[in-house]
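Please read them with the structure open.

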Amino acid sequence: MTTIIAFIVIFCILVVVHEFGHFYFAKRSGILVREFSIGMGPKLWASHKNNTTYTLRLLPLGGYVRMAGWQDEEDEIKPGTMLSIILNDAGTVTRINASDKTTLAGGLPVQVSRVDLVKDLVIEGYPNGDEEKLERWSVDHDATIIEEDGTEVQIAPEDVQFQNAPVWRRLIVNFAGPMNNFILAILTFIIYGLMFGVQVLNTNQIGTVLPGYPAAQAGLKSNATIQAIDGEKIHSFTDLSSKVSKQAGKSVTFTVKEHGKTQNVVIKPNKDGKIGVEALIEKSPARAFTYGFTQTWDLAVRTWDVLKSMVTGGFSLNKLAGPVGIYTMTSQSAKGGLQGLLFFMGYLSLGLGISNLLPIPVLDGGKILLNLIELIRRKPLKPETEGVVTMVGLGLMVLLMLAVTINDIMRYF
């Protein structure tokens, strides 16, 4: 149960942070954000504020920011459709109900003849279904529409649609999601450093000596300074780990300084090349702040190396993880308590940011690539061409996710 809660919490945090990046910069760019959703599937809750509808949906498998001009086919109201409208004192339409799942109190029933909620902002039809009386109503620019599933969102006039914003603004909006994931990773590792401290690897002073290991059995104490191994000077914990790992099962002489006194201690590393000492842990704001950036960069380089190896060294599904794989890793991280989960969240946020920047259609990276092509060509791709590219990319992503999920399940069991 703990793993399930941790998985949902971490996943929701990552989704909200990612989507908030798109949301914030879209708003700043004059693009209408019609809906900000956490979760997918059936709606559980909704609230409309500042031109955006905020929804919570049943399945905690992601979320989305729905901008004007995206996924608006549900706004197409065909002739003959019955809907109801609310008019203000000037006779302008302010609310439209296109759903048979809800009733609009005080609404005027209209049988539609023509509806244009993008350019002309008009509704033509027959009030109360009276086909002898055709009327025309202007629609307010900020009018709302209750869609088929009962969700009320704003209409999407042409001037606030995503595709009509300048290309450089669209590029920023597309990049903002991954950017927020990178920022979250940095902040998470800073918090991690403040709460649990940071390993100091550039010093030859050790931290804790673990009981039951060769170092403790030889009498080595915590916080001692290792000056040399078999006469060779040691400058950092990294040097210590490297040299000890090569001496598995062999007796080694350590030159140790404790409380101002220097002595030689003979220690025999175990078969795994370990003596049972941990790096010095430092808790300080300065060290934690630096750690936030250095740890993020280090993991980013490692992630990039893995992605590069999939191209140069052969593709393998074992290098990828879907929801099942992430759940399994969450379970393993939960065993380390808050410390393990916090580190995992930072790592996952970074991975989400990097993967979303891959130049694959439907991902943010694919959209950015199209933005760059548009900047170079000084004109956008034809909507038909972009649509085909996006559908191909979506198909490939669905197939990949299915393959990864099946592979995760097989590995799990």
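1. Buried is used here for residues under 20% relative accessible area and exposed for those over 50%, with partly exposed in between, using a 1.4 Å probe and protein chains only. On that basis, buried residues make up 40% of the 413 residues in the chain.

2. The model is predicted, so that local features need pLDDT of at least 70 and side-chain atom pairs count only at pLDDT 80 or more, while totals for chains, interfaces and linings use all residues. Residues are numbered from 1 along each chain as its sequence is written, and side-chain values use heavy atoms, with hydrogens and water left out.

3. The chain has a radius of gyration (taken over C-alpha atoms) of 30 Å, whereas a compact globule of 413 residues would have one near 22 Å, by the rule of 2.2 Å times the number of residues to the power 0.38. Along its principal axes the C-alpha trace spans about 105 × 45 × 45 Å.

4. The secondary structure comprises 9 helices and 15 strands, taken as DSSP runs numbered from the N terminus (helices H or I, at least four residues; strands E, at least two).

5. Met40, Leu44, Trp45, Leu56, Leu58, Leu59 and Leu61 make a nonpolar surface patch of about 680 Å². Strands E1 (33–49) and E2 (52–67) are the elements that give two or more residues to this patch, and E2 gives the most, with 4 residues. Leu61 lies in strand E2 and counts as exposed because its relative accessibility is 54%.

Key
Patch = residues over 30% accessible without salt bridge, like charges linked within 9 Å, V, L, I, M, F, W, Y side chains within 5 Å. Areas by Shrake-Rupley, 256 points an atom, 1.4 Å probe, with all protein chains shown as cover. Salt bridge = Lys/Arg side-chain N within 4 Å of Asp/Glu carboxyl O.
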